[in-house]
Amino acid sequence: MVIDTHCHLEKEQYENLEEIIEKMKDHYMISSACSKETFQELIDLIKDYPNIYGTIGFHPEEAGKYQKEDLLLLEKYLENKKIVGIGEIGLDYHYEGINKEKQKELFLSQLDLALKYKKAVVIHSRDAALDTYNLLKPYAFKIPIVLHCYSYSKEMAEKFIELGCKLGIGGVLTFKNEKKLKEIVKEFSLENFLLETDSPYLSPEPKRGIKNEPSHIFYVAQKMAELKGLKEEEVLNQTTSNAIAQFDLPI
Ligand code: NI
């Protein structure tokens, strides 16, 4: 069994969403809605499928748009038992003209909600390693933290792991030119990793160039097994129990 711990199962992205979900009928998925417009669709989806859970939260790109009342809407959805985390939330300094202070404020408010509702957090962090680390530190060991699509250095990985964070590993691991992430996967023990696809983005080899979907997760598991000299089954077993523990899944 496998758990795709991070994907975006949205009708706008997939004409054949039902088929894509059907391929994963013996497995689990955690779908993430990161803007107000997509929250309700996720709630409907997790109601229809027992093997899909959700995370919900305001992406840092929403920082310019969100209003304080929007957090109340978020709280309403957090009462749903199948919403197992808040995310993706975090910091993204990639584009010019972003308001870092607003991003931090939005991030911190959602970390506080995670404490209040005892939910995991799924972190999106780009070009903002140190600020992300410093903001997360006070929450370490109080809430489960996942760094989705981990993309920073090995040194930062060590620091985040010391805070009890799990690193989400997806299709990037299979890219031919990717060295850093492969080193990280080799270096740290399996207990620190979760598998994810980030579908519809970041398709792994050999599916690069086509739209990603949760069933492609096995290419990531295969690559992880190869890099660590383990059987694919061992990777699946350990990362599945990591995900169950991190998101407190009732499975
Ligand atoms: Ni994502």
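Donors are N, O and S atoms within 2.8 Å of the metal (3.2 Å for Na, K and Ca); water is not among the atoms, so sites may look incomplete. The model is predicted: local features need pLDDT of at least 70, side-chain atom pairs pLDDT 80 or more, while totals for chains, interfaces and linings use all residues. Residues are numbered from 1 along each chain as its sequence is written, and side-chain values use heavy atoms, without hydrogens and water.

**Exercise 1.** Identify the residues that coordinate the nickel ion, and classify the arrangement.

*Solution.* 
1. The ligands are H6 (NE2), H8 (NE2), E88 (OE) and D198 (OD), at 2.2 Å.
2. Their sequence spacing is H-x1-H-x79-E-x109-D.
3. H8 sits in the loop between β1 (3–7) and α1 (17–22), D198 in the loop between β8 (193–195) and α8 (217–228), so this pair ties together parts 190 residues apart in sequence. Helices (H or I, at least four residues) and strands (E, at least two) are DSSP runs, numbered from the N terminus.
4. The four donor atoms subtend angles of 82 to 175°, which makes the arrangement irregular. Tetrahedral would need all angles between 85 and 135 degrees; square planar (four donors) or octahedral (six) would need opposite donors over 155 degrees apart and all others between 65 and 115; anything else is irregular.
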